[in-house]
Structure formats: C-alpha cells, structure tokens
Amino acid sequence: MGLQAAQRLRDLGHTVIGVDLKEGDVVADLSTPQGRRAAGEAVLAACGGTLDGAVLAAGLGPGPGADRNRLIAEVNFLGVVELLEAWRPALANADRAKVVVISSNSTTTVPIVPGRTIRALLARESDKAVRSLRLFGRNGSALMYAASKIAVSRWLRINAVTAAWAGAGIRLNALAPGAILTPLLEAQLADPREGAAVRSFPVPIGGYGDAGQLADWMCFMLSDSADFLCGSVVFVDGGSDAFFRPQDWPRAVPLRRLPQYLWRFKRGVRH
C-alpha cells in the first residue's frame with residue numbers, strides 16, 4: 001500500500017522520500033531505537049526541514065518467532081510515533097501538512113485484546129507489552145498486532161487535536177484497512193492454519209481489497225480536500241467493522257462522562 005501510494009505521488013509530481021528496511025531513499029530498521037532515530041534524522045536532512053506530508057505505512061503482521069511480539073510493538077507503534085515526533089517541526093514548517101497513519105480494522109474486530117498491552121504500548125514499555133501476552137502462546141502475535149494498531153490509533157486521536165499538531169496546522173488521520181491483498185495477506189493465506197481463518201473472516205462485500213485503492217485514499221487524505229479532516233480513523237474494509245459492531249458507534253456521550261465532556265467544552269481548544 002505504501003509503495004503504491006509513493007508511486008502515485010511521484011506520478012503527480014511530488015518529491016517522495018521513501019523509508020524502508022532494505023530498499024528506499026532512507027534504509028533503516030524501525031524495530032530498533034537507533035534505526036528509528038537514524039530514519040528520523042535522515043528524512044529531516046533530505047527534506048531540508050520542511051515536510052508537506054507523511055504516510056506511516058511500515059508494519060509487521062502476526063507470525064511465528066520468539067521475537068515477533070517485540071518486533072510488532074517496536075515497528076507498528078514506536079516506528080510511527082517516534083518518527084512523527086521527530087518530523088513534527090518539519091511538518092509544522094509546511095502549509096497545512098497532512099499525515100496518514102495506517103491502522104487496521106483489527107482494532108475493532110479482534111476480541112479480548114488485553115487493555116494492559118495497549119497501556120504498556122502507550123507508555124512506550126515494549127518489554128512490558130510483550131510480557132503481558134506471554135500466557136497466550138502462539139496466539140499472542142495476533143493480539144499484539146491488534147494492540148499495536150489500537151495504541152497507535154489512540155495516540156493519533158489524543159495528539160491530533162492538540163496545539164502541537166492541529167494548532168501547528170498539521171492534520172493527523174488514520175486509515176483502517178481490512179483484508180487487502182498485499183504480501184502480508186498472501187503469506188497468511190499460504191499458511192494452512194492462518195489461511196483457513198482469513199478465508200472464513202466475514203467481509204460483507206466479499207473478496208479482498210486492492211492495495212491501489214488504499215493508495216488512492218492516502219493521496220486524498222494528503223490533499224487539500226482533507227483540510228477539515230482531523231483525528232479521524234477511516235475504515236476501508238469491505239464492511240467487516242460494521243458487520244461485527246453495527247450498533248456500537250456512533251454513540252452519544254454517556255451520563256458518567258458528562259463532567260469530563262463539560263470540562264473539555266468549557267476549556268475549549270488551546271492553540
């Protein structure tokens with residue numbers, strides 16, 4: 001998805017600085033603090049201190065391996081928030097900069113994701129997040145994947161409306177894809193156990209999404225047409241999220257949250 005978005009942006013005449021583990025204008029390993037720091041600094045040097053937009057599409061899915069949960073936590077969460085924090089001054093230097101973070105519909109369709117895992121990620125305690133899933137065995141990586149996408153979506157919504165981001169003219173938004181035919185999904189389909197689960201997963205319109213369609217969404221969310229889009233998580237998943245929780249959202253503010261709502265209402269936006 002990120003690769004196709006980069007190609008579309010180049011075709012439209014934009015300069016794109018690609019960050020990748022093996023191929024790209026900037027080669028960096030986002031699963032390490034040193035790699036994330038190097039990626040942040042290299043992009044800032046390449047852009048001359050001004051970024052008009054950013055797409056955070058690097059990510060790892062569920063899979064085998066003793067270190068998989070840590071890698072998912074480091075790449076999917078810290079690989080997004082640490083780079084964005086490093087690039088925030090350059091984004092603020094642009095005129096109405098746009099950021100698109102790739103979330104996932106696993107945020108709402110994967111059950112029993114432990115809250116302690118999400119909280120550990122938001123606190124940037126990757127080791128604690130990994131330990132929180134040790135009792136889940138081979139199913140832990142699917143829960144870590146969902147937790148990483150929930151955490152990054154919450155981080156985005158918390159920060160999107162603040163003076164540091166919205167107040168600086170930066171629009172933070174996320175796309176939540178479903179089953180998109182990418183190499184990650186193809187690998188899952190090729191695995192006998194995972195493939196059966198993927199094929200049985202409800203997609204109301206049927207089939208799988210196309211990476212190019214998601215790239216079109218990214219380009220739209222980077223465009224002037226998205227000037228009023230802020231803190232949104234847009235689901236593009238063939239209807240799976242709506243299938244599983246048709247009445248969960250939208251939901252009015254419940255009575256127990258009214259004091260907090262009124263406090264925020266009175267406090268207003270501080271730019």
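## Exercises on charged residues

Lysine 128 is partly exposed, at a relative accessible area of 45% (buried is under 20%, exposed over 50%, partly exposed in between, with a 1.4 Å probe and protein chains only). The model is predicted, so local features need pLDDT of at least 70 and side-chain atom pairs 80 or more, while totals for chains, interfaces and linings use all residues. Residues are numbered from 1 along each chain as its sequence is written, and side-chain values use heavy atoms, leaving out hydrogens and water.

**Exercise 1.** Find the salt-bridge partner of lysine 128.

*Solution.* Start in helix α6 (residues 126–131), where lysine 128 sits (helices are DSSP runs of H or I, at least four residues; strands are runs of E, at least two). Next, follow its side chain to glutamate 125, with 3.7 Å from N to O (a salt bridge puts a side-chain nitrogen of Lys or Arg within 4 Å of a carboxyl oxygen of Asp or Glu). Glutamate 125 is partly exposed too, at 36%.

**Exercise 2.** Work out which parts of the chain the bridge between lysine 98 and aspartate 227 links.

*Solution.* First, the two side chains meet at 2.8 Å, N to O. Then place them: lysine 98 is in strand β4 (residues 98–102), and aspartate 227 is in the loop between α10 (211–221) and β6 (233–236), 129 residues apart. Now check cover: lysine 98 is buried at 2%, whereas aspartate 227 is partly exposed at 22%.

**Exercise 3.** State how many salt bridges the whole structure holds.

*Solution.* A search of the whole structure gives 12. One of them joins aspartate 25 and arginine 10 at 3.5 Å, N to O.
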